[in-house]
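Trainee: Could you show me how to read burial and chain contacts in a model like this one?

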Amino acid sequence: MARIVLDDLAHSYRPHPAGPDDYALKRIDTVWEDGGAYALLGPSGCGKTTLLNIISGLLIPSQGRVLYDETDVTRLPPEKRNIAQVFQFPVLYDTMTVRENLSFPLRNRGVSPSDTATRVMEVAQALDLVAVLDAKASGLSADAKQKISLGRGLVRSDVAAILFDEPLTVIDPHLKWQLRRKLKEIHDRFKLTLIYVTHDQVEAMTFADQVVVMYDGEIVQIGTPQDLFENPEHTFVGYFIGSPGMNLLPVTMDGEAALTGSSRIPLTPALAGKARAAAAAGAKLELGIRPMYLGLEDAGVDYGVAARINLVEDQGDCRIVTVSMGDVTVKARVPEGRAIPSQEARAVFPPEWTRIFADGRLLK
Amino acid sequence: MEKWDDNKAWFLVLPVFLVVAFSAIIPLMTVVNYSVQDIMAPGQGIFVGPEWYREVLHDPRLHEAFLRQLIYSFTVLAIEIPLGIAVALTLPSKGWKVSACLVLLALPLLIPWNVVGTIWVVFSRPDIGLAGVTINELLGIPYNYTADPMDSWLTVVIMDIWHWTPLVVLLCYAGLQAIPEAYYQAAKIDGASRWAVFRFIQLPKMRGVLMIAVLLRFMDSFMIYTEPFVLTGGGPGNSTTFLSQFLTKMAIGQFDLGPAAAFSLIYFLVILLLSYIFYTVITNLGKGVAK
Amino acid sequence: MSFSISKVDKRVGRETYLADIDLHLESGSQNVILGRTLAGKTTLLRIMAGLDRPSRGGIAENGKDVTGVSVRKRNVAMVYQQFVNYPSLSVFHNIASPLKLAGMAKADITARVGSVAAVLHIDHLLERLPQELSGGQQQRTAIARALVKDASLLLLDEPLVNLDYKLREELRTELRDIFSKRDSIVVYTTTEPSEALMLGGNLVVMHEGRVLQTGRAEEVYRCPASVTVAEILSDPPINVLRTRVDQTMAHLGDGLSVPLDGHLAGLAPGDYFFGVRSHHLFLHRQHPRDIELHARVELAEINGSETFIHMTYNGRPLVVQEEGVHQRRIDEAVSFFVRPRKFYIFDRDGALVRAPLFEDA
């Protein structure tokens, strides 16, 4: 188990990178605590796989260092790093039984047969694999196979971290949550540092205590799932987390309110002050609000912003309402059972859920 | 109506069926016909029943040729398969070197079989051949494949290895290339030795291609004719007379069509049987390893 | 055009892939076939396209039987899960390929390809080869190729399943708008209830080779004909509790009993299944008549804007949906609230007996 330090990392796949665009990873400088469950989340091409390969040792970064606790492992190959990895597709030794698969890493390290047997049994119990221990691994279902891959990492007592590369890709949708639960349980029980790469927000937020959101070669936010949802530090996080994503409107400041077209959206005085300062410094301002927090009231009320209902999409448990306010459109998520005004309405931006971004970064 | 629909596909198979009938089934039936008749002259045959089979099966020359053939095929397999795997494992996996290696390896496969024989005739001649002279003069080992049965036998085996190991290499190489990179990574992480990687990843993943390689090489070597015919003509004595040469001698040299036909069928059945045994053994071997 | 499928069965060997399928589709309609994997969705699409023949029954266009008519002779376009494009042709020539086959004039082809590419936002990529595109762009190209020829039957077999979820979300909205402007018959298969509801239109729920229910998507959602339909059309699946009803009360077991009033009034005594959707269980009291119960958390699954809390209540698995993102520890004790007015009632065979009323929600 280890604390992982990524010290000023950058990586380019080109031998002589010219500008920032040549870098797959731009600048990563962060510390991941021992025993934490981290998810690397981002769209394809954001650099998350590059980062994972640097942590596992398959790739040596163009610059910067990787430390496990105090040890510099930047140039060590995977086998010298005491990590384990679960791949996108189950990787098993087909000709071996489940028990032999689980014992394999210990046997290779010369652990005594009796210790191996004890440890294998312990892990098999944790992963519900006891019943199939003597079955041939290749005949099992995809989820059992992924559990065996994970088990091969868990049996080792010296493992610094277990890395997961989209491990649920081949799992049937209705079995996914059981495997997610198993992962959480394993994390609680073995207190391991887990790093999980995915493009799927559900996987990342369900699995991790801390989600690391990556975008275009950079880490844009590290936070709890709740943080990412309620306080996205970057417009990309607002857009990427949540379905539909955060509404983002270009605004200018006018006293205590943000202006979009002719609509005035009141802000808290503290936020308005910061926004005015940022605008004075030449930053481009955007206002963000989650569809869930955007209120829709009858046209008669004397607060909110004049709006027109364009489209109501029934999602079963809620309705997604597309609303236009002058030139801009926003989406509201209205729970089942709450009334929606027919055409003309007032869009209400509760100040406690209204965020302002300056050049993409959250004003705090 | 529905039945008709389903059977329509058979029409598409018909041309193939006709070709196979003309090229294989009818000739085979002719052979069956010959094997139970004593042919005096074209069109004049007397039915003799299993007479030829009895005669052929009791022929000591056949027994010798059969034993020689078995030893030869197993020797060739025992060397070519491990050698092929070993060479495939050492080939580079990417870059320009791959194509260079593959082209070099494929060269012997592209040479016509009788030319292979001729090359080795020249290569091994004790008076002017590169190999023959080297062994005799430089190493001081007396070597004459036309006179010494053992030398002759070894030369034929080595020629076969030179000619056919590349095929095994290419098949194994294709099998190795199909193994995803993740397996090697996982094995490294699990601390597996080079041997364990071979034993638990590469060998199991190569099982399919190895089976094809063993079957192909077995059948081919069991029917070997051209190269030893050109190289040694089956001699000295009968030391390199394999089954197919024996058969040819019988059919064309002595014009014993009846016994030759009976022998052909026995030969055919033996190959079929041995191939079946190989197939079953290899498919079960994989299962056996994992219990 | 109208398209009908009547009494179609598909068997291969002893396996039955489709049984007794009857569907009638009108032009300009959007139809979503929803079912889990192996429900027979792809088999049905292949039969509609003319790629496979049914073992029994037939398909007809405008009343004319076209069963077994080769797909080449029919005006059908299909999009697959995998991104199928011609690898050696540029995006332009990929999209243009069906028009070239039809022998259209060059100038017309250029115009048509241009306009379809613009609709799918790939007009700036026309010179590229498929391998130089991202997954989303490749699938857009495949969709453009299907749209360009104005096929009267447009079939899409889980077209978005191999894309990132955010791309899926965007493309789904775009596709719905594109479909609504066309007058062909669109058939779209999916395994995801949210996708089916989002696309709207007619919904066909399939399970194990049979059509279980058809209707407007919202109506099927509100009034599922059976427990199975409700399960297929809810993500997470609807909670189902075995219930015994006597003269005055419904006993859901483990001390939870509710009086027979509201939409439960007059229910005949006997055994039932009571179903309640995850968002009709609450973590906070919302109504004085809500019943409070206690459970343990199995897993909090965070689904973007909401949290699905999987829990065990007296040994039975239940799922509660909570708005927003909230983390919960495994084995944490929680209270939740049940509102009897939200129950679906299914009989012992799973058929719907009563659905909750939604007007008074």
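Trainee: Why does Val116(C) count as buried?

Mentor: A residue is called buried if 20 or more other C-beta atoms, placed from the backbone, lie within 10 Å of its own, exposed if 12 or fewer, and partly exposed in between. Val116(C) is buried because 23 other C-beta atoms lie within 10 Å. Keep in mind that this is a predicted model, where local features need pLDDT of at least 70, side-chain atom pairs count only at pLDDT 80 or more, and totals for chains, interfaces and linings use all residues. Residues are numbered from 1 along each chain as its sequence is written, while chains are lettered from A and ligands numbered from 1 in the order in which they are written.

Trainee: Which residues is Val116(C) in contact with, leaving aside its neighbours within four places in sequence?

Mentor: Contact requires C-beta atoms, placed from the backbone, to lie within 7 Å. On that basis Val116(C), found in helix α3 of chain C, touches Ile95(C), Ala144(C), Leu147(C) and Val148(C). Helices here are DSSP runs of H or I with at least four residues, and strands are runs of E with at least two, numbered from the N terminus. Ile95(C) is 21 residues from Val116(C) in sequence, with 8.6 Å between their C-alpha atoms.

Trainee: What do the buried residues of α2(C) pack against?

Mentor: They pack against α3 (106-119) and α4 (135-148) of chain C, and those buried in α2 (residues 91-101) include Val91(C), Phe92(C) and Ile95(C).

How values were computed: Two residues are in contact if their C-beta atoms, placed from the backbone, lie within 7 Å.
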